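Colleague: I am new to this one. Could you take me through how its helices pack and how its chains touch?

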Amino acid sequence: MTDPIVRPPKKDPQKVTRPPELPPLQRSRAALAMSAAASRGAFELQCCKACGAWMYPARDACPECLSVDLAWKPAPDGGEVIAETTIRTTVDLYFRQRTPWRVAMVKLDCGPSVVCHLHGDVEVPGRVRMTAQLDKGGNAVIMALPAKRTPNMADDPELRELTASPKHRRVLVTDGRSAVGQAVVEALVNAGAALVFVGIAEPWKPYPGEDRLKAHENVQTFAFDLTDTTSVQDLAGEIGGKTDILINTADHVRPGGILSAPGMITAKDSFDVNVFGLQRLAQAFGPGMVGRGADGTNSAAAFLDVLPVYALANTPDFGIHSATAAARLSMLQCLRSEMRAGGVRVMSVFTGPIEDDWRQPVPPPKVAPGQIAKAVIAALEGGIEDSFVGDVAKDVATRFRQDAKVLERELGA
Amino acid sequence: MKETTTMNGDALLSALASGIRGGGVRVVDLTHTLAPDFPVMVLPPEFGQCQPFRMEEVSRYDARGPGWYWNTITMSEHAGTHFDAPAHWISGRNLPAGTVDDLPLDRLVAPVVVLDYSAESAADEDFLLTRAHLEAWEEKNGAIEAGSWVLFRTDWSKHLGSDKYLNLRADGAHSPGPAADAIEFLVKERDIIGFGTETIGTDAGQGSHLEPPYPAHFILHGNGRYGLQCLAGLDQLPARGAILFAAPLKIRHGSGSPLRVLALVPAPDVV
Amino acid sequence: MTRIRPNPRRPYENVAVAVPVSIPYVRYSVESAHWWIARALSELTKRAGIRPADIDGLSVSSFTLSPDTAVGLTQHLGLSPRWLDNIPMGGASGVVALRRAARAVEAGDATIVACVGGDANQVDSFRKLLSSFSRFAQDASYPYGYGGPNGSFALLTDHYMRSFGARREDFGRICVDQRTNALGYPHAIMKKPLTMEDYLGARAIADPIHLFDCVMPCAGSEAFLVTTLDIAKDLGLPHARLASTIERHNAFVDDPIQMRGGWAVDVDELYAMAGMKPDDIDLVETYDDYPVIVMMQFEDLGFCKKGEGPDFVRSHSFTNDGNFPQNTSGGQLSAGQAGAGGGYLGLVEALRQVTHTALSKQVPDARTALVSGFGMINYDRGLCSGAAILEGVAP
């Protein structure tokens, strides 16, 4: 059984921080589709449209019938582990830092055999449940998990490499004034975060939930304004070296499209928080996090942004807001590539309209802050790069994958 | 005092210069430092908002500019210690010379009267300065001359850095300010240049609930008078006898501007 | 569908294999693959008493020629062959090169084919080689602990042990006996005796693979000539007759993990073509990058049944003077693995043994040898297998 990980001791200032090496990065183009599925938390394999055969590794043609008409589909995740090894010596710099490393051969119920990471609680031979996770290099890898949950399962060192679990980690939540920010803080405390730093913009303005927020033992609040470069740099100077996970819950939302919008100032305010705020965060905290991507149990693990699903397509009633979301998404894509150097995950939690003052005229279903908080924790614990919280976000995501142009027309109708 | 008016300009300025240089005249700064964490006016969120001061570094002897340091700053016209021109308020929208690029220069350098209600403000965060207060003040200190700036000392600037400065609660801000009759009196009967405060606006924190709402803004600007707010250091000014320098930036069609407010005050007599 | 008429194999009528060349291996070398191959070819022509221009067929196997192939090598080395082959089959390269060259010679497409395999081994070149080995390995094997071949064979070995009751000691017997053979082979990289105790006490590399289950990557090259029996005789070269060969790729795709190699598909043909039985073989050169695959070859090449490998090992000795001489120069496990040269090592050694020109201890009365090749862990298993039977021709 997995030993529960313990809260790491304070860092030895004489020790060199372990450099963040990455696992092998190169993949064929075909294999990237598995990463795309894994980024959404799905275990997908290729299936031949002509003969129905499942196949692995990723191919460009079916080994049963030579058809090139292949599709990635959610695959049955059961299998039988038939062999195992523990790698103790490797020439790869990433794995060298992490041996011993357990690896298995699993015969999938759907056919193919898979070389995969092997959870410490799996007995060989035996039944396993397969999961595809993004590794530190952002590529999908398959891991065999115990068929039934085991105690402390998430603490398995190989699995922890594939997630950004908040357990024992120190987390910054950027907007403690909002209900979403407060719900996320609460969820992090419950998920075992060692410390939660909470940014409060314009602390001289009172806000609901303040007392409850400050009552948590492991929560520290800081004056912190995403629109103020100095403020962001100051906080990074103070806690940047021990921020393991950064969660941006800030979102400046005002109704209005381009023609019906109140004007440039509101648009600028929105962009300043949603887009440039994200940039300030990334520039102030990113380099430190990248440098600490392999810093032990509480290494820097994730930069997570909670953003509107209308990043995918504009909803004209909130046209400017959608535009900021799209810019935000684009920034995250850039940042994801840049943060990869440190093995730090950049995660997006896309939400539908939140139940708040600004979205009164928006018809239900809406997302409650508690749901978002739950999705944030699930994303971190599951290592899921893109998650969609609430019915509207899931609906928009589905339509987006089907046809982005159709979605544009639907939202703009 | 009358004799000085017989001096010509050269002599006047020369006397002033020697006073500033050699004693007798002190330059006092009435300005807060412009900084990103300086609070701004709070309006309901559905309205356009007052942009706080922001500063982005352009270069600092680095790759962005190896030999020089400079910043780009952005802010509302009404951020930090700032000047309100008549056009700032709807009541002053049709007045001539209502914007900061078009102000008579003699209004920008003028004598200043300081009304000290710091004790009253300490006792009552919603202290309202009324006509009755002014009449009582004049009783004691003599009449306010036409063409003066009037500054309302509350020592509120000393709350900067604490929540008390804005003193926001669910029912709005709580800070001292003038009642309508006080402003009516100063404008109509004393013909002042403008009215200045240490608080975030020229009106009381609860000024929107007065009649008319925001009486200082409404009456001052409706009559072509100016406002100064977020002033500091009023405790260094005498009740009268100082000269105020309050020249906003010359912004085309500007409604106001952050500025450096200076005062020349008689130095305490050297013993 | 039309029924396809069988196309029976023609026997080898007139194929001689001669001039076994081994350029001594070194652990690391700054020299390139071109250098190592040139040395082997130079030695080959000198010992055959021919000019380089007499080589009108060339077969090359190397992982480290990149960006060159056999084509670039012709210009680099000033050769002008009328028949050229490039065999990227790793451990199966020697046997496959021989097969192809034999048919070229029989058909008259070439007169003298030089077959050469060799690789450079510079510091860090093993790591670089692994990282570009194959698409499946890149996508689906190396991201899992990056054990390389050690990791892949660890899984096979683990499964084999679970399935057939093999113990580490059984693999140890193979390794220990091969080391004994290597001590008599002057070019072997490993020069110290290996005891069962040493073997069992070695550090784990990828369980159940331990240090002495692994080969030592090194630089070196191996070569031989293929020509007709008459020409070999005219040149006065000790030579062997090629009796039979087999080759198979990606066999047994439905096996969930490799338990047998492609030999099992074609082994009957191997012996039938040679007109021999397993008992007629005097010595065996298996492909031995890991001992588990040696054990599988004993099974798949007909020396025992599937699953009897462990018992077979327990009841035989594999030294050159034992009752089953096997990997008589120490195999790759003790002689070293010079990249694709590893696919030539057994064939070159077998040629020396059956022509009685051994550098290692001569197996008494050796006349027939079975040489086996195995290569290319493309993803989870070795895809290429081949075997050949050589028969020494009395001078």
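**Helices and contacts**

Modeller: This is a predicted model. In chain A, helix H6 (residues 229–239) packs with helix H8 (residues 276–291) at an angle of about 20 degrees, their axes 9 Å apart.

Colleague: Is H6(A) roughly parallel or roughly antiparallel to H8(A)?

Modeller: Angles under 35 degrees count as roughly parallel. The angle here is about 20 degrees. Therefore H6(A) and H8(A) are roughly parallel.

Colleague: Which residues of H8(A) make the contact?

Modeller: H6(A) passes H8(A) in a right-handed crossing. From H6(A) come Thr229(A), Val232(A), Gln233(A) and Ala236(A). By class, the contact residues of the two helices are five nonpolar, three polar and one charged. H8(A) brings Arg280(A), Leu281(A), Ala284(A), Phe285(A) and Gly288(A).

Colleague: Which helices of chain A each supply at least two residues of the side that touches chain B?

Modeller: Here 16 residues of chain A are in contact with 14 residues of chain B. The chain A side holds five nonpolar, six polar and five charged residues. The helices that each supply at least two of its residues are H6 and H7 (264–274) of chain A.

Colleague: On to helix H6 (residues 148–164) of chain C. How many of the residues of H6(C) are buried?

Modeller: H6(C) has 17 residues and reaches 24 Å from first C-alpha to last, close to the 24 Å expected. H6(C) is largely enclosed by the rest of the structure, because its buried residues number 13 of the 17.

Colleague: Which residue just after H6(C) takes a positive phi?

Modeller: Look just past the end of H6(C). The phi there is about 70 degrees, and the residue is Gly165(C).

Terms used:
Residues numbered from 1 in each chain as written. Chains lettered and ligands numbered in written order. Predicted model: local features only at pLDDT ≥ 70, side-chain atom pairs only at ≥ 80, totals over all residues. Axes fitted to C-alpha atoms, helices over the stretch in contact; angles between N-to-C directions. Helix = DSSP H or I, 4+ residues; strand = E, 2+ residues; numbered from the N terminus. Parallel < 35°, antiparallel > 145°, perpendicular 65-115°, else oblique. Left-handed = near helix turned anticlockwise from the far one by under 90°. Contact = placed C-beta atoms within 7 Å. Nonpolar A, V, L, I, M, F, W, Y, C, P; charged D, E, K, R; others polar. Expected span 1.5 Å × (residues − 1). Buried ≥ 20, exposed ≤ 12 C-beta atoms within 10 Å, placed from the backbone.
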